Amino acid sequence: MLRVAVPNKGSLSEAASEMLSEAGYRQRRDTRELVMVDPDNDIEFFFLRPRDIAVYVGQGTLDVGITGRDLLLDAEVEAEELLPLGFAASTFRFAGPVGDFAKVEELEGKRLATSYDGLLRGYLAERGINAKVVRLDGAVESSVRLGVADAIADVVETGSTLKAAGMEIFGDPILKSEAVLIRRTGEGGAANGTVKEIEVLIRRLQGVLVARQYVLMDYDIRKELVEQAAGLTPGLESPTVSPLRDSDWVAVRSMVPKKETNRIMDELYDLGARAILVSSIHACRI
């Protein structure tokens with residue numbers, strides 16, 4: 001069986017389980033379950049702390065896992081990113097008291113508080129910045145006020161928490177993170193699962209990503225306008241064009257980006273297309 005690590009709680013958990021369900025895998029109904037077997041797909045899920053997942057995968061105990069890119073890099077283990085999953089986006093940044101810092105180079109010799117000490121040390125080493133890293137498990141933004149650090153490095157979403165603490169962001173982002181599928185690097189690549197089983201998992205998850213990003217658009221249009229219409233709806237390779245009973249008209253079907261649906265419909269209508277219909281995509285293989 002392919003052994004897969006899934007976050008058991010936090011912002012990654014619900015979205016990861018939802019994505020796996022959309023990919024056709026069984027998921028737990030009770031959050032107290034720690035292990036769940038899906039015999040139809042020959043796969044076993046282990047629900048673990050997001051921060052521990054990279055460790056289990058890197059040691060070869062489990063074949064693949066879903067965790068954050070930031071947690072993967074912070075763990076400093078022999079594991080690699082296979083596929084970005086498009087949810088749980090966040091940005092890892094520096095912040096300090098308002099007016100104290102303008103650029104990262106000014107951190108030389110300073111104390112930096114963070115919950116991601118491995119990630120931060122690697123970032124500072126790459127840039128030749130010598131600073132003391134103070135590891136904290138939470139409430140990092142309070143460390144400056146309490147005298148533990150001069151600045152912090154933390155995950156930033158809206159920045160409102162930092163502002164309330166009298167701090168501001170400075171410098172370029174350290175890392176842009178999101179949920180990712182990971183596996184062990186080095187010899188073997190996975191402890192128990194075969195390459196084929198992992199490839200099936202990746203294809204299924206890719207199918208979910210495409211289904212979330214695209215819709216199917218159908219419309220009728222006069223033959224002489226097909227080339228112009230195809231410019232608006234090129235599809236992934238090319239649109240499907242079918243004859244209609246009225247030989248002057250054809251039916252066109254194409255995948256279009258979901259976020260551009262209404263703009264494309266308006267432009268097609270102005271061009272002369274009629275009976276424009278949009279359908280959701282529930283699953284696909286590209």
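In which strand is the place of serine 280? The legends below take up this residue and several ring contacts in a predicted model.

**View 1. Serine 280 in its strand.** Serine 280 has its place in strand β15, which covers residues 274-280. The residue is exposed. Its relative accessible area is 57%, and exposed means over 50%. Threonine 161 is 119 residues from serine 280 along the chain. The C-alpha atoms of serine 280 and threonine 161 are separated by 38 Å.

View 2. Phenylalanine 94 belongs to strand β6 (residues 90-97) and phenylalanine 170 to strand β10 (residues 167-177), so the pair ties together parts 76 residues apart in sequence. Both phenylalanine 94 and phenylalanine 170 are buried.

**View 3. The cluster of Phe94, Phe101, Tyr123 and Phe170.** Ring pairs link these four residues, Phe94, Phe101, Tyr123 and Phe170. A search of the whole structure finds five aromatic pairs.

**View 4. Arginine 51 over tyrosine 116.** The charged end of arginine 51 sits over the ring of tyrosine 116. The distance to the ring centre is 4.9 Å.

**View 5. Arginine 274 over tyrosine 269.** Here arginine 274 lies over the face of tyrosine 269. The distance to the ring centre is 3.8 Å.

Conventions. Residues numbered from 1 in each chain as written. Predicted model: local features only at pLDDT ≥ 70, side-chain atom pairs only at ≥ 80, totals over all residues. Heavy atoms only, no water. Phe/Tyr/Trp six-rings, centres within 6.5 Å; stacked < 30°, edge-to-face > 60°. Helix = DSSP H or I, 4+ residues; strand = E, 2+ residues; numbered from the N terminus. Buried < 20%, exposed > 50% of the residue type's maximum accessible area, 1.4 Å probe, protein only. Lys NZ or Arg CZ within 6 Å of the ring centre and 35° of its normal.
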